[in-house]
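Hi,

Here is the structure I promised to pass on, with my notes below it. Have a look at it first, then read on.

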Amino acid sequence: MASKMSKKFQELLLKFSQSEEMGERKKVESALWDEFGAEYAVFVLDMSGFSLLTRKYGIVHYLSMVKRMQLITEPIVKSYGGSMIKYEADNCFAIFPDSLSAVNAATAMQHAFDASNLLTSDDLDIHIAVGIDYGKLLIIGHEDCFGDPVNRASKVGEDIAAAGEILITKEAMDTIPKDAGITAREMKVSISGINISAYAIEYKNK
């Protein structure tokens, strides 16, 4: 059942789509950003190996791993000041007040899964890839979020980052204080045919 906030968001979208006058559309768009707009670091986690593990062991096997991923990640998101938005298939979507908190949470998760994997057989090991971006987005409570930072974090985390990697866009990296002690390797990535600068966080020895 949709929340009041979600209903209002959908009503404004419908009003925008049904408005033929440009001035009215701009008013509705401004109302959407005033009501739902915010600036956050967007964090998207993707579990690696879905197709291979599902074909080899079956969907129940993989779904049990997804559940374990959820149990491990949610407390870490909260402990670094983040807010869970949603779990979708084997993805985790969260927002953080700043990029440094998102990177620190991602690093903590990578270490947590490395430690957890020592206690499980290879077929139950969980490996994750993470994408992080920063910017303005539309947030509907703790239900969903939309915007360029969401799209970019999703693309980087799901399509580009390999298992064990934390990739962050240049825009997000630029907001991290130089004295934070974050080391990263610069790289070029392509998102929907557009080349952008990103960084692979180096966390293995931390």
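Beyond its neighbours within four places in sequence, Ile168 is in contact with Ser99, Val103, Ile132, Met173, Ile176, Ala198, Tyr199 and Ile201 in this predicted model. Ile168 also belongs to the largest nonpolar core, a set of 34 residues, where it is listed with Phe43, Leu45, Met47 and Ile132 as having the most contacts inside the core. Two or more residues each come from strands S1 (37-47), S3 (91-96), S4 (128-140), S6 (166-169) and S8 (194-201), and from helices H4 (59-79), H5 (99-117) and H7 (170-173). H5 gives the largest share, 7 residues.

H5 also packs against H4, at an angle of about 140 degrees and with the axes 10 Å apart. Their crossing is right-handed. On the H4 side the contact is made by Arg68, Met69, Ile72, Thr73, Ile76 and Val77, and on the H5 side by Ala105, Ala108, Met109, Ala112, Phe113 and Ser116. Sorted by class, that is 9 nonpolar, 2 polar and 1 charged residues.

Helix H1 (residues 4-18) and helix H2 (residues 22-36) have their axes 9 Å apart, at an angle of about 160 degrees. The two are therefore roughly antiparallel, and H1 passes H2 in a left-handed crossing. From H1, Met5, Lys8, Phe9, Leu12, Leu13, Lys15, Phe16 and Ser17 meet Glu24, Arg25, Val28, Glu29, Leu32, Glu35 and Phe36 of H2. This contact has 8 nonpolar, 1 polar and 6 charged residues.

Best wishes

Technical notes:
Residues numbered from 1 in each chain as written. Predicted model: local features only at pLDDT ≥ 70, side-chain atom pairs only at ≥ 80, totals over all residues. Heavy atoms only, no water. Core = buried A, V, L, I, M, F, W, Y, C linked by side-chain atoms within 4.5 Å. Buried < 20%, exposed > 50% of the residue type's maximum accessible area, 1.4 Å probe, protein only. Helix = DSSP H or I, 4+ residues; strand = E, 2+ residues; numbered from the N terminus. Contact = heavy atoms within 4.5 Å. Axes fitted to C-alpha atoms, helices over the stretch in contact; angles between N-to-C directions. Left-handed = near helix turned anticlockwise from the far one by under 90°. Nonpolar A, V, L, I, M, F, W, Y, C, P; charged D, E, K, R; others polar. Parallel < 35°, antiparallel > 145°, perpendicular 65-115°, else oblique.
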